[in-house]
Amino acid sequence: MERQLIDYLTKHLPSSDDLLVGIGDDAAILDWRTRDDLVVTSDMITDQIDFILADADPKLIGRKALAVNLSDLAAMAAQPVGVIVSLLLPSTHSKFSSIDPYELALQLYQGILPLAQQYDVVIAGGDTNCWNGPLAINITAFGAMQGNIPWLRCNAQAGDHLLVTGTLGGSILKKHFEFTPRVNEALSLRQQFNISTAMDISDGLSLDLSRICRASKVGVELLVDQIPISVDAQQLSLQDKDQLSPLEHALQDGEDFELLLAASPTEATRIIESNNLSCPITHIGYFTKELGLYSIDTESQRSKLVPQGFVHQ
Ligand SMILES: [Mg+2]
């Protein structure tokens, strides 16, 4: 099976000047001579946790496996360069899949390849195994910093404005499969503005924001009426069994994969006024010297906010 997949990939992977040695040898070699620091991230997605294989199109699962990694590179303001893709596939007769593992691998790659091409990311290699357990996909992504300072979580300053890209909440309906990793937006922002801190929202706005605050030793006041709530958050809250308001979905739903950014008031104003990104960007709060998360509503009522979101086991 693995041999077959290597043959398929050798035929179908686009060539790249970045890849000196690709699939087929013991390890890959990437040309890094024209680049500065190497930024590396790795994310694994697993059946029953990040998707339900029985209910989902494997192409979308493959796409998601790559997109979550690109989102992490975007959150560092790194230019994606290459990835290593490792698949752990359920065997044909396991209770976790009825698809032939080779066929499943091909379908996963049909989601991975177009996104890789879209962001000019080379697939440098990987590994494929079968077992009697559920599907897991691990991707390790390599990105490059080009003479810039990476966006770290620990650099938000009291007084900075908090900005967010896109709209939030309800990603379980479809966005967790279809989201745009904010790579182009991050690279464009990095080129034009000074950003103190960035992070991609993977576990929920309030929870991820609390992580920035902890790393930067600051607090935050969230302007809750300014939070851009997605249509899906509104739809989700209309469902019978749903107990949350659209705002609560926007505050705590995971897998939005939007960027949270901190910038000085001057830079934040320039960013909002320039309005030249391919997605909306909204000012949703202020970082403060006083620690803790607070919400400020339309009547300027200030109340303590408990960070909530997806907590990893
Ligand atoms: Mg992240």
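Me: Is strand β7 (residues 161-165) buried or exposed, and how should I read those words?

Reply: Buried means under 20% relative accessible area, exposed means over 50%, and partly exposed lies in between, using a 1.4 Å probe and protein chains only. A strand here is a DSSP run of E with at least two residues and a helix a run of H or I with at least four residues, both numbered from the N terminus. In this structure five of the five residues of β7 are buried, so the strand is largely enclosed by the rest of the structure. This is a predicted model, in which local features need pLDDT of at least 70 and side-chain atom pairs count only at pLDDT 80 or more, while totals for chains, interfaces and linings use all residues. Residues are numbered from 1 along each chain as its sequence is written, and side-chain values use heavy atoms, with hydrogens and water left out.

Me: Which way do the residues of β7 point?

Reply: In a regular strand the side chains alternate between the two faces of the sheet. Here His161, Leu163 and Thr165 point one way from β7, whereas Leu162 and Val164 point the other way.

Me: Which strands are joined to β7 by bridges?

Reply: Two strands pair if DSSP finds at least two bridges between them. Strand β10 (residues 259-263) runs antiparallel to β7 and is joined to it by four bridges, with Leu260 as the bridge partner of Val164. Strand β11 (residues 281-288) is also antiparallel to β7, joined by five bridges, and there His283 stands opposite Leu163.

Me: What is the order of the strands in the open sheet of seven strands?

Reply: The order is β8-β10-β7-β11-β9-β12-β13, with mixed pairing, and the edge strands β8 and β13 (302-304) each pair on one side only.

Me: Which strands does helix α9 (residues 265-274) lie across?

Reply: Contact means heavy atoms within 4.5 Å, and angles, from 0 to 180 degrees, are taken between the N-to-C directions of axes fitted to C-alpha atoms, for helices over the stretch in contact. Helix α9 lies across β7, β10 and β11, and it runs at about 30° to β7.

Me: Which residues are the protein donors of the magnesium ion?

Reply: Donors are N, O and S atoms within 2.8 Å of the metal (3.2 Å for Na, K and Ca), and sites may look incomplete because water is not among the atoms. The protein donors are Asp72 (OD) and Asp200 (OD), lying 2.1 Å from the ion. They link distant parts of the chain, 128 residues apart, with Asp72 in helix α2 (residues 58-75) and Asp200 in strand β8 (residues 197-200). Asp72 is partly exposed at 22% relative accessible area, whereas Asp200 is buried at 3%.
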